[in-house]
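User: Hello! I would like to learn how to read a structure with several chains. Could you take me through it step by step?

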Amino acid sequence: MPFNIYDFSGTTKAIDQFLYAKMPPTWAFVTELAIVGVIILLVYAVVGLYLVYAERKVCAFMQNRVGPNRVGKWGLIQTIADLIKLLMKELVVIRKADQLLFNIAPFILIIASFMAIAAIPFAKGLHAVDFNIGVFYMMAVSSIGVIGTLLAGWSSNSKYSLIGAMRSGAQVVSYELSVGLSLLAVVIFSGSMQLSVIIESQANGWWIFKGHIPAIIAFVMFLIASTAEINRGPFDLAEAESELTAGFHTEYSGIRFAFFFLGEYMNMFIVASLAATVFLGGWMPLHIGNLAGFNHVMDFIPPLVWYFGKTVFIIYVIMWFKWTFPRLRIDQLLTLEWKYLLPINLVNILVIAFIVLMGWYIK
Amino acid sequence: MEKEQLGLVLAELFPTLEINTSGDSVRFKADTADIHKIAAVLRDDKRLQFDYLFNLYGVDREDRFSMIYGLESTILGHIVVIETDIADHDNPIIDTVSDLWKTAQYQEREVYDLMGVKFTNHPDLRRLFLEDGWGFPLRKDYKDDINFIER
Amino acid sequence: MQEVELSDILTAREDGDYIVNIGPQHPSTHGVMRFVVSLKGEMLEYVIPHCGYIHRGIEKMCERMTYPQIIHLTDRMDYLSAHMNNEAVSLLVEKATGVEVPERVKYIRTILSELQRIASHQLWWAAFGMDMGGLTCFFYGLRDREHILDIFEESFGSRLLHSYVCPGGLMGDIHPNFQKRTKEFIKYFRKKLPEYDQLLTGNVIFEQRTKGMGIMSKADAISFGATGPVGRGSNFACDIRKKFPYSAYDKVDFKEILYTEGDSWARYKVRVDEMWESMKIIEQLIDNIPEGDYSAKMKPVIKLPEGEYSQRVETAKGDLGVFVVSKGEKYPYRMHFRTPNFNNLFVISQLCAGNKIADLIAISGSLDLVIPDIDR
Amino acid sequence: MNSVGKYFSDIFYGIKSLWKGLMVTGYYFVHPGTIVTQQYPENRKELKMFDRFKGEVILKHDENNFHSCNGCGICQLNCPNGSIEIISDSVPNEDGKSERIIDKHIYHLSMCTFCGLCIKSCPNDSLAWGQEFEHAVFNRDVLTKILNKPGSRIKKVPKEPKAPKPVTETVPTSNPAN
C-alpha cells in the first residue's frame, strides 16, 4: 500500500481499489462508508474531548491558574474522566417537557456538526467528500444545528431555556449572513466553491495575503461572525450563565448535556478549520511567491501539521476572545451584525469583485 | 445649620413641641397623630429641607411603641431625630411617611414585619422578611418555643 | 413603576405575562435574593425584589448579647465590610461610655477600614465582570484580594469575619509585618489596578452595557436613601467619612468621588476611583501609626448609660447606622442597624424599568448588593 | 459626514479597546510564572499557617501535661453562642480546703464563630488559637472536643493563687493569637 505523508490520495485510492477487488461493488461501497464513519467518529471524539481540555487549560493560564492537573499527566485525561462521569449520570426526565423533541434535540445538534466535518479536507486527498459546492454545503449543514438549540429550549418547558433558545435563533440567523458573505470573498477570489480547489488556488500564497486588505477584512469578519454563530463568548447569549443559568440546555443532564457540550466544541473546530481552509490555505504550506528555497523548506512540513497548526491557532484566537470580553447584550449583538458587520461585508464584497474584475490581486 | 439655630427654627414652626438640643443631635417628641404633618413641614420648609430619611425604626417599650425617625438635610447638613409614642400597644397604628421619602416605604415594611406596627396609607404594606402568620419577633413578648434558645 | 402586589403577580400570570423568578438560587444574585421579573420578550415589565431568605434576626439576637459579643454578629451582616461594621458598634459603645481610644487604635482602624474597602471593591469588580460575562475578571479580582486577606490573616487570624475591632480598641496589636506587607500590597496593586481599566473600563462592549443604563437621579438617590458608591454615582454627597469624620479620617486628605451621570457606569467608576483614594489614605497613615496601647481600658462589664445612641460609619456599601436604646444594662434594650444594602436594593425596581433582562443583572451588579446585609 | 466619521471612529475605538483587553489576558497566557494557584493537598508539608491563624480554640498544655485552667467559667460566660461548656469538680487540696478544678473543658467547634472573646477574657491566659484547619469530618460529634487532655492537671503557681480576674479588666499583655 503506498503511503505518503504529503499526499494521502494514493493511500485512499489503494484502499478503494483493494475493497472493490475483493467485494461486490455495493458491499465495497458500504464498507467504505463504515470505515470513513468510524474514522470520523474517532476524530470527532478525540478532537472534541481535547478541545475541552485545551479550553480549560487556555482559560486557566489566562486567569493565573493551573487548570486541570490531577487526572493523568498535566490532567491530560481529565476530560475523559468527565465524559465517563457524564455517561453515568442520571438522565433527568422533565415532567411536562415535550419528550420526543427533548430527546431528539441533542442529536440534531451533534449530527449537524458530524455532517459538516465530512467535508473538511484534513490533508491532500484526506477528506470524506469533496463537493463542488463545499463552502455552501458547510454553511448549510452547520446551520441545521440551530434547530437543535431551538428545539432544546422550546421542549424543555423552562422559561430560562426558552429565552436562551429564542436568543440563539435570532443570533444564528443574523450572523449566518455575515459568515456567508465573508466566505464569499474568497469564493470570488478563487472562483470556486470546492474546498480542494480553494486550497489548490493558495499554492503560491494564502488568500489572506494575496487578497490585500479586503481579504484581511473578510477574515476578521469571518472570525467575529462565526464566533457568534457557534454561540461562544462574548456572544454566548444563548447560554449566558450569569443571566439564564445555562440557557437552552438548563434542563439537560448526563450524556445529553455532554452532546450539547461536545457539539459546541466541534462547531468551534469546524469553524476554525473552515477559516483555516478558506483564508489560511488549509493543509497548504506557507509559500511566498517564487522563493523556491523557502517554499521547499515549508513543503517539508507535512500537510496534516499545517492544517492542525492553523486550526489550533484560530481556535486559540476564539478562546482568547471568550476569556477576555464581557458578554454583549442582545440589542448590541444585533446592532453589531446589522449596523457594522453586514454593511462592511457588502462593501467588502463589492471591492473584491472589483479587484478580481481588474485582476489586481496576486494570482 | 448649627444645632441651636435649628432648635430655634423648629421651635418657631412647632411652638407646642419641646425641642431638645442638648444631645448630639436635635431631638423632639411628636404626637402620633401629627407625624405626617410634621414630617411634611420638615421636608418642605426652605430653612430645614430634610430630604434624606436616613433611619426609621420602632422600639417596643412594653407598654407602648416608639417610632424613631432620623432625618438629615443633604443640602444644609443638619440632623433631627423625631420620636413618637404609639400608646396602643395591642394595635399600634401610625401614619406612613412613605409618600415623602421613598425609602420609608421599605423601612416601614420592615417595622411592620418585625414589630407589627401598622402604617395607614402605606401603598404596599406586606411582610418583608418573614412569612405571613409569623409573629412579630422584635416585640418583647415574642415567644418561639422551637427556635428560641434561652441562656 | 408602581409596586406590584403578590396577588397582582398571580393574576398577571393568567393574563399571559411571562413571569420569571431570578433567584433565590441564581448565579448573579450573589446570595439568596429573589427577583420576580415580568418579561415582554427580552424587556422587563417590572422587577420585584423579595428578600428574607437569610433573615437571621440579628437585631433580636443583639438584645440578648453583651456589647463585645454583638461585635461578632455585625461581621455577619455585610461580610465584605466586616471591619467597618465592627467599628460602628465599637465607636458607639466608646461614645456612650465616654472612653477615649488611643491614637494608635484610630490609625489602625482607619487603615483596616480602607483595606477592607479595597477588598470589598475588588470582589465587587470581580463579580461585576462575571455578571457581565467576562469570567477572567473574576479571577483577577480575587487574585488581588488575596493579598489583603493575607495581611488580615497574619495580623488577626481570619480572612473574612475578623471580629478584630472591639469596644475600647482592638483585640490585639497588629503584626510586626503589617506595615511592610501593606506597603507591598499598595505597590503591587498600583500596578494591577490599571489592568482592571484595560480589561473592563475601556472595553467598548462593557461601556455600551453600562453607559446610560439604570439612571438614577440625585433626588431619587436621596429619597430612596441610596448611599455609598450608588448614591455618589448620582452626585449625592453622602460620604460619612467627610460629613461626620470618625477615627482618623479627619487627619487624612482624600477626595469624595462624585459622578453626576447616575448610571451603572458612574457607579462603576466611583468604586474604581475609590480604590485609588483608599490607597492614598492608607499611604498617608501607614508610616505614621503612633506608638501606644492597642486598647483603652474598658470596664469588665460594659454597660451603656440609659438613653439612645447612634453612630454612623461609611462602609464599602454606604451609610451604616447603628442605633441603640439602652436601659443601663449590659444588654441593649433595642438595637437597630440601618444597613446600606437594604436601602440600595429597593432602587432596583425603578432602575430596571424598561430595560432588558441582561440589564437587570448588570444593574444589580452595579448596586453591589450583599444579601445578608439586607436581610440581617 | 459627521455621522460617517463617527461610524468609523467608533469601529476604530472599539477595536482598540478590545485589543487592550486582549493584551492583558494574552500577557498572562504567555507568563505562566504569574500563576498563583497553590497545590493544596500536595503542599501540606510546606503549608504553614500564620502564627495567629484562628483554626480552633485549644487549651495550652506544657510538656508535663500541665495546663493553667482553674475552671472559673469566664470563657463560658463570654462565649456568644454557647460553644464552651465547663464542667468543674471540687477536690480537697493539701490545706484540707476544697478547691475547684476543671473536670472537662468542652468545646463545640461546630458552633464556634471564632470571635476570640474566650481567649481574650481568660484570666489565666490558658486558652489559645490552634493552627489546625482541616476540620472536615463525617460525623458532627467529632467536632465536640474536650480540651483538657486526659490526665492533665492544673499547674500550681507557687505563690498565692490569684482569684479570677474580672472579664476584660486588664488588657492582655500578650497578643491573643499565641
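Analyst: Let's begin with contact: two residues are in contact if their C-beta atoms, placed from the backbone, lie within 7 Å. Please keep in mind that this is a predicted model, where local features need pLDDT of at least 70, side-chain atom pairs count only at pLDDT 80 or more, and totals for chains, interfaces and linings use all residues. Residues are numbered from 1 along each chain as its sequence is written, and chains are lettered from A and ligands numbered from 1 in the order in which they are written.

User: How many residues of chain A are in contact with chain D?

Analyst: On the chain A side there are 11 residues, in contact with 13 residues of chain D. Helix H2 (residues 25-62) of chain A gives the most to that side, with three residues. Here helices (H or I, at least four residues) and strands (E, at least two) are DSSP runs, numbered from the N terminus. By class, the side of chain A that touches chain D has eight nonpolar, two polar and one charged residues. For these classes, Ala, Val, Leu, Ile, Met, Phe, Trp, Tyr, Cys and Pro count as nonpolar, Asp, Glu, Lys and Arg as charged, and the others, Gly among them, as polar.

User: Which chains have the most contacts between them?

Analyst: Among the five pairs of chains that touch, that is chains C and D. There, 29 residues of chain D are in contact with 30 residues of chain C. H1(D) gives the most to the chain D side, with eight residues. That side divides into 16 nonpolar, eight polar and five charged residues. By contrast, no contact joins chain A and chain B, and their closest C-alpha atoms lie 25 Å apart.

User: How do I describe two helices that pack together?

Analyst: Two packed helices are described by the angle between their axes and the distance between the axes. Axes are lines fitted to C-alpha atoms, for helices over the stretch in contact, and angles run from 0 to 180 degrees between N-to-C directions. Take helix H10 (residues 212-229) and helix H12 (residues 254-279) of chain A: their axes come within 11 Å and cross at roughly 170°. A:Phe219, A:Phe222, A:Leu223 and A:Ser226 in H10(A) meet A:Val271, A:Ala275 and A:Phe279 in H12(A). This contact has six nonpolar, one polar and no charged residues.

User: And strands? In which sense do E2(B) and E5(B) pair, parallel or antiparallel?

Analyst: Two strands pair if DSSP finds at least two bridges between them. Strand E2 (residues 26-30) and strand E5 (residues 79-86) of chain B pair in the parallel sense, over five bridges. B:Lys29 stands opposite B:Glu83 in E5(B). Strand E4 (residues 65-72) of chain B runs antiparallel to E5(B), and eight bridges join them. In the hairpin of E4(B) and E5(B), six residues lie between the strands, and B:Gly77 takes a positive phi near 75°.

User: What is the order of the strands in the open sheet of chain C?

Analyst: The three strands have the order E1-E2-E3, with antiparallel pairing. Strand E1 (18-22) and strand E3 (43-50) are the edge strands, each pairing on one side only. Helix H15 (residues 357-366) of chain C lies across E1, E2 and E3, running at about 150° to E2(C).
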